[in-house]
Amino acid sequence: MAKTTTRAKKTADAREAKAGDVKITYRGYVDGNLLGFASVTFYGELTVHECRIYEGKDGHPWLAFPSSQGKDGKYYNKVYLDKDSDLNDQIAEALDKLELV
């Protein structure tokens, strides 16, 4: 018997969450630990599309910025955010407001 997933595939479940200077626009989810795709807007001026939202091992969602595969087969991020940036906390807060998990 084939294993069934508990999550249905959705594509039209769009919603937004804001926290401080960050706005996340969520677009549906797929299967497994990939919860969906999002665009992230910083300071109302800079938007990064093609972000992915995953369910972490601790059950909290986390955001992966866009990446591309290099000639060596490894994936490299196209966008970097300083680890100490206050925006990291604002991203986490906005993800929690989306109530994806």
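Guide: A residue is called buried under 20% relative accessible area, exposed over 50% and partly exposed in between (1.4 Å probe, protein chains only). By that rule Trp62 is partly exposed, because its relative accessible area is 41%. The model is predicted: local features need pLDDT of at least 70, side-chain atom pairs count only at pLDDT 80 or more, and totals for chains, interfaces and linings use all residues. Residues are numbered from 1 along each chain as its sequence is written, and side-chain values use heavy atoms, without hydrogens or water.

The protein has one helix and seven strands (DSSP runs: H or I of at least four residues, E of at least two). Their order from the N terminus is β-β-β-β-β-β-β-α. Strands β4 and β5 form a hairpin with five residues between them, and Gly59 in the turn has a positive phi of about 90°. Strand β5 covers residues 61–64, runs antiparallel to β4 and is joined to β4 by four bridges; two strands count as paired with at least two DSSP bridges. Within this pairing, Ile53 has Leu63 as its bridge partner in β5, while Glu55 stands opposite Pro61.

Rings pair if their centres lie within 6.5 Å, using the six-membered ring of Trp; planes under 30 degrees apart are stacked, over 60 edge-to-face, the rest tilted. The count by this rule is two pairs. In one of them, the rings of Phe42 and Phe65 have centres 6.4 Å apart and planes at 40°, so this pair is tilted. Because Phe42 lies in strand β3 and Phe65 in the loop between β5 and β6 (67–69), the pair ties together parts that are 23 residues apart in sequence. Both Phe42 and Phe65 are buried. Tyr54 and Trp62 form a stacked pair, with 5.0 Å from centre to centre and 25° between the planes. Tyr54 counts as buried, because its relative accessibility is 18%.

Of its 21 residues, Ile24, Phe42, Ile53, Leu63, Ile91 and Leu98 touch the most other members; a core joins buried Ala, Val, Leu, Ile, Met, Phe, Trp, Tyr and Cys through side-chain atoms within 4.5 Å. Two or more residues come from each of β1 (14–19), β2, β3, β4 (46–55) and α1 (86–98), and α1 gives the most, with five. Leaving out residues up to four places away in sequence, Phe42 has contacts (heavy atoms within 4.5 Å) with Asp21, Val22, Val48, Phe65, Leu87 and Ile91. Across the protein, 35% of the 101 residues count as buried.
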